[in-house]
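Hi everyone, thanks for coming. I'd like to walk you through one structure today, so let's bring it up on the screen.

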Amino acid sequence: IKKIGVLTSGGDSPGMNAAIRAVVRAGLSSGIEVFGIHDGYLGLHQDRIEKLERYSVSDVINRGGTFLGSARFPAFKEESVRREAIENLKRHAIDALVVVGGDGSYMGAKKLTEMGYPCIGLPGTIDNDIAGTDYTIGFDTALNVIIDAIDRLRDTSSSHKRISVVEVMGRHCGDLAMSAAVAGGAEFVVVPEQPFDKESLLSQIEAGVARGKRHALVVICEHVTDVNALAKEIESRTELETRATILGHIQRGGSPTARDRILASRMGAYAVELLLAGHGGRCVGLQHNELVHHDIIDCIENMKRPFNQELFDLSAKLF
Ligand code: ATP
């Protein structure tokens with residue numbers, strides 16, 4: 001291996017820059033040339049590939065988003081498009097590719113690997129919805145953004161005796177919601193992995209209000225239910241003003257936390273190590289604080305993220 005490429009794909013996440021930086025600097029330290037590909041698989045197909053130097057990644061470790069850019073490029077599902085992308089890589093004599101992204105991006109990396117082009121996947125998404133790793137790059141930063149918002153809502157809601165329903169991201173994974181509920185001291189958490197028992201939520205909030213609580217907080221993962229309608233129902237049941245707040249893309253931005261920067265740096269350097277050791281078609285994870293790698297095909301086809309039942313139960317116990 002003499003030359004490797006790196007790209008970021010799908011939804012951006014804080015810490016992607018730190019991952020790119022680590023790939024570049026670990027690569028250069030090992031005598032490998034590193035090429036940055038702009039806007040994910042789209043830029044790969046359009047041959048927007050540039051050589052990165054040590055200084056190309058100066059001053060990016062603290063920046064959110066991804067300086068290489070990211071894109072959704074559904075056409076990459078077509079084999080002919082992927083073949084053209086591989087041709088571009090071969091023209092630059094790039095031997096292998098590091099892909100930082102979510103499960104969709106892993107899918108692209110898996111397909112390239114199946115076509116004989118070795119890829120390493122790094123889990124870059126705030127959703128924490130990737131198998132084979134306890135944490136994804138960006139999750140911790142997004143969680144801290146959510147906690148900051150929840151703390152602010154708590155201040156104003158308890159002053160006004162108001163109930164807050166907060167919708168957080170996570171797609172089909174409740175990790176952000178559960179972690180935010182525990183760290184933010186929420187009364188109730190709703191996650192996609194568990195059936196949503198609206199009646200239980202309503203009666204629990206009602207009981208809290210009857211005990212004299214000045215404020216109640218419900219954290220709910222996106223795509224489960226209409227949070228504005230839910231707020232209306234809570235309001236009519238408790239007769240307390242209830243507001244829904246959809247945090248949205250705020251959660252994806254901002255300077256990465258130290259934890260995300262370290263995770264991204266470790267994973268980026270590990271990806272280079274794996275390629276140097278002759279591994280391809282792997283995805284990197286952190287399990288029990290150890291870096292691990294799994295077969296990317298097996299990861300997508302067979303591995304499932306375990307549901308964090310303990311965290312879910314804890315949020316109910318501490319309410
Ligand atoms: P996030 O979950 O944070 O949004 P993601 O990586 O899952 O990130 P997607 O939009 O699902 O985001 O995927 C990113 C890109 O990966 C797609 O736009 C496409 O270029 C490529 N991709 C997704 N699925 C496939 C597939 N089945 N085959 C080939 N390429 C794919």
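Let's start with T238, which sits in helix α8, spanning residues 227-238. Keep in mind that this is a predicted model. Is T238 buried or exposed? It is buried, with a relative accessible area of 13%. Setting aside neighbours within four places in sequence, T238 has contacts with I163, I205, E206 and V209.

Now, the cysteines. How many disulfides does a search of the whole structure find? The search comes back with zero. Take C173: the nearest cysteine sulfur belongs to C221, and that is 7.4 Å away.

On to the nonpolar cores. The largest one has 31 residues, and I4, V6 and L122 have the most contacts inside it. Which elements give two or more residues to this core? They are β1 (3-8), α1 (16-29), β4 (96-101), β5 (119-123), α9 (258-276) and β10 (282-287). Helix α9 gives the most, with eight residues.

If you click on I4, you'll find that it touches V23, I32, E33, V34, F35, I94, A96, V272 and L275, not counting residues up to four places away in sequence. Apart from this core lies another one, of 26 residues, including A186, L247, L311 and F312.

That's my tour, so over to you!

Conventions: Residues are numbered from 1 along each chain as its sequence is written. This is a predicted model: local features need pLDDT of at least 70, side-chain atom pairs count only at pLDDT 80 or more; totals for chains, interfaces and linings use all residues. Side-chain values use heavy atoms; hydrogens and water are left out. Helices (H or I, at least four residues) and strands (E, at least two) are DSSP runs, numbered from the N terminus. Buried means under 20% relative accessible area, exposed over 50%, partly exposed in between (1.4 Å probe, protein chains only). Contact means heavy atoms within 4.5 Å. A disulfide is a pair of cysteine sulfur atoms within 2.5 Å. A nonpolar core is a set of buried Ala, Val, Leu, Ile, Met, Phe, Trp, Tyr and Cys residues joined through side-chain atoms within 4.5 Å.
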